[in-house]
Amino acid sequence: LPDPEIRKQIVDLYCKAFPHSAKIMLLNDPATLSYAISKGAGWRADCFGDMGGDSKEWNHMETLYPSYIAEAHAEQAWKTGPIGYESCWDMRRWKSEGWDIRAIFDYGLRNHVTYLNNKSAPIPEGTRAEVERFILKMGYRLVLRALTHPESIKVQTAIPITMDWDNVGVAPPYHDSVIAIRLNPSSEKSAPVILSNQTSVKGWLPGPIAITESFLLPPTISPGAYAIEIALLDPLTREPALRIANEGASAQQWFPVSQIQIKPE
């Protein structure tokens, strides 16, 4: 490897070249990884799932990873950067060795894993349920639990909306997606109106998140009944970017939540 100072310069170059992208670094160089984490990076590890395939004395899961994580002070890195794994061999080896696949997946979840690369290998027979359980917990999973707002509001004002979200995954989203509502008029003569602020879900840690937003009505909106839909938009394209983990969203990822009456001034 290059000298330590050169390695830090390489980290700086990546941070400068990709200021808005989530970055990730291999676990095997703890000193440089610690520096990368200070810049917001996460980490990835090879040979996930190894419970002693090459040695009875040590393995990646119980021996190598914990020492590297401790040396790099990487325990909290998941809060700002993704955690990723690549399977050791692939899952077929895990099954043939008789290893506890649920315990392997739970290990990754405890480390707040965002993705697992299984090398495009087949999923062994009898393991699909464990894989699906793992997928439903890894990364972020944003559920809208409740949403409240006035039954009616006058034109040229703002709609105050209180939302109770719950990230039921094990990690936060690492990219900006802004909360938006769409007002769909009951009259076909009017077009839908999309309202959003700059509130992003980036960095929402696992657990409940309660927020209150005010969405200013445009001066051109007509009085009438409107259906309220909600989505998480890419801040550049202004199109839905993240799926909300509630059933009932449209193919375009707008989720219907309520109704509101807009009255004349």
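**Exercise 1.** Which residue's side chain meets that of D166 in a salt bridge?

*Solution.* Start with the ground rules. This is a predicted model, where local features need pLDDT of at least 70, side-chain atom pairs count only at pLDDT 80 or more, and totals for chains, interfaces and linings use all residues. Residues are numbered from 1 along each chain as its sequence is written, and side-chain values use heavy atoms, with hydrogens and water left out.

Step 1: recall the rule: a salt bridge is a side-chain nitrogen of Lys or Arg within 4 Å of a carboxyl oxygen of Asp or Glu.

Step 2: apply the rule. The partner of D166 is R145, at 3.1 Å from N to O.

Step 3: D166 belongs to strand β7 (residues 158–167) and R145 to strand β5 (residues 142–148), so the bridge ties together parts 21 residues apart in sequence. Strands (E, at least two residues) and helices (H or I, at least four) are DSSP runs, numbered from the N terminus.

**Exercise 2.** Find out whether D166 and R145 are buried or exposed.

*Solution.* Buried means under 20% relative accessible area, exposed over 50%, and partly exposed in between (1.4 Å probe, protein chains only). With 16%, D166 is buried; with 54%, R145 is exposed.

**Exercise 3.** Describe the salt bridge between R7 and D29.

*Solution.* First, the distance: the closest N and O atoms are 3.0 Å apart. Next, the location: R7 sits in helix α1 and D29 in the loop between β1 (24–26) and α2 (30–38), so parts 22 residues apart in sequence are tied together. Last, the cover: R7 is buried at 19%, and D29 is buried at 13%.
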